[in-house]
Every structure is written in structure tokens, then in C-alpha cells.
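Take a look at the model below. We will go from one side chain to its partners, then out to the whole chain.

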Amino acid sequence: MAGRKFSTSEYFNQRCAQMTPLFAFEGSDPFQAKEWRIKAAAKVRDLLGEMPDRVPLAAEILERVDLGDYVREKFIFDSDPLSSVPGYILIPKGGESRMRALMCLHGHGPGCCAVAHVVEPRPDYTEDQVRECIIQHNYDYAVQFVRR
């Protein structure tokens, strides 16, 4: 078994070192940057495929909870004719009228609820499993950020 290679990260590091990206930027002035951006954006749109029709957002705040040092709002908006998107916004108290914002996108797991430290059962998670994810993986990172 000598010479076998099992490291996924080493594989990707070596593959990336051996390739030249199709849209690598090699320009040196603003005109070249603009031309590159136009070509790269067109390729991205091509790869993404047809975009859905635009719709009014029809945004709603479904709940507002005061959590002491911040306020959590649950919202929903329409992203296209077939999809509505739920989420949370965490607003620190005592800040300036204009503050920086950070979007915390959740990965796999219990989703946006755990990121905002909302412990509730999910389709594939019990409340106890959501709590365990938060503790084990620092999954309530949106709360950690709003407190900073």
C-alpha cells in the first residue's frame, strides 16, 4: 500500500496548483479590469442558466423578540414566483443609527434557526439535536457576531 494518497485537501491543493483558471485576471489597468469583468459576468450568467422572473419582495416581519442586548426579527420575502425565503435579522441595541451588517449564511444542519439561536424542532432535528449542534459547532454564530 506504499505510495497511496488519501488526503482530499492535498489532492485539491495540487490540482489547483497545476491549473490555470479559465477566467484568471492578468490585466494591469482599469480598462482591462472592466473588459475582464464583462466577460466573466457573462460566463457566470451562462453557467447559472435562466434566471426566474422578478417579483415584488412582499417582505413581512413575522415576529420581533427583545433579547436584552439585541432584537431578533423573523422575516419572510418572495424571491421569485415559486419561492418564499424565511430568515432572521439580529439588531444590536445601543449602536449607532448606521451600523455595518454581516450576512450569516447557514450551511447544512439545522439551518437559519440555529444560527440565530432559535431552538425549535426542524424536519430532521429534534430540539435537543439543535441545542447540541449549537454547542458542539458554535452554530449560533449570528448571535456571537451581533453581540460583538
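Is Arg-131 buried, partly exposed or exposed? In this predicted model, Arg-131 has a relative accessible area of 37%, so it is partly exposed. Salt bridges with shared partners tie Glu-127, Asp-128 and Arg-131 into one network. Within it, the side chains of Arg-131 and Glu-127 meet at 3.5 Å, N to O. Both sit in helix α4, residues 127-137. They are four residues apart, so about one helical turn separates them.

Helix α2 holds another such pair. Asp-46 and Lys-43 form a salt bridge there, at 3.9 Å from N to O. Their spacing is three residues, again about one turn of the helix. Asp-46 is exposed, with 53% relative accessibility. Lys-43 is partly exposed, at 29%.

Now turn to a link across the sequence. Arg-147 and Asp-69 make a salt bridge at 3.1 Å, N to O. This pair connects distant parts of the chain, 78 residues apart. Arg-147 belongs to helix α5, residues 141-147, while Asp-69 lies in the loop between β1 (60-66) and β2 (70-80). Arg-147 is exposed, with a relative accessible area of 52%. Asp-69 is partly exposed, at 39%. In total, the count of salt bridges comes to eight.

The surface has a nonpolar side as well. Leu-22, Phe-23, Phe-25 and Trp-36 form a nonpolar patch with about 410 Å² of accessible area together. Phe-23 is located in the loop between α1 (8-18) and α2 (30-48). At 31% relative accessibility, Phe-23 is partly exposed. That matters for patch membership, because a patch residue needs over 30% relative accessible area and no salt bridge.

Step back to the whole chain. Five helices and three strands make up its secondary structure. From the N terminus, the order is α-α-β-β-β-α-α-α. The radius of gyration is 22 Å, well over the 15 Å that the globule rule gives for 148 residues, so the chain is more spread out than a compact globule. Its C-alpha trace spans about 50 × 50 × 35 Å along the principal axes.

What share of the 148 residues is buried? The figure is 17%. The chain exposes about 12,300 Å², with 55% supplied by carbon and sulfur atoms. Among contacts with a separation of 6 or more, 36% join residues 24 or more positions apart.

Notes. Residues are numbered from 1 along each chain as its sequence is written. This is a predicted model: local features need pLDDT of at least 70, side-chain atom pairs count only at pLDDT 80 or more; totals for chains, interfaces and linings use all residues. Side-chain values use heavy atoms; hydrogens and water are left out. Patches are made of residues with over 30% relative accessible area and no salt bridge: like charges are joined within 9 Å, nonpolar side chains (Val, Leu, Ile, Met, Phe, Trp, Tyr) within 5 Å. Accessible areas come from the Shrake-Rupley method with a 1.4 Å probe; for residues, only the protein chains shown count as cover. A salt bridge is a side-chain nitrogen of Lys or Arg within 4 Å of a carboxyl oxygen of Asp or Glu. Helices (H or I, at least four residues) and strands (E, at least two) are DSSP runs, numbered from the N terminus. Buried means under 20% relative accessible area, exposed over 50%, partly exposed in between (1.4 Å probe, protein chains only). The radius of gyration is taken over C-alpha atoms; the globule rule is 2.2 Å times the number of residues to the power 0.38. Contact means heavy atoms within 4.5 Å.
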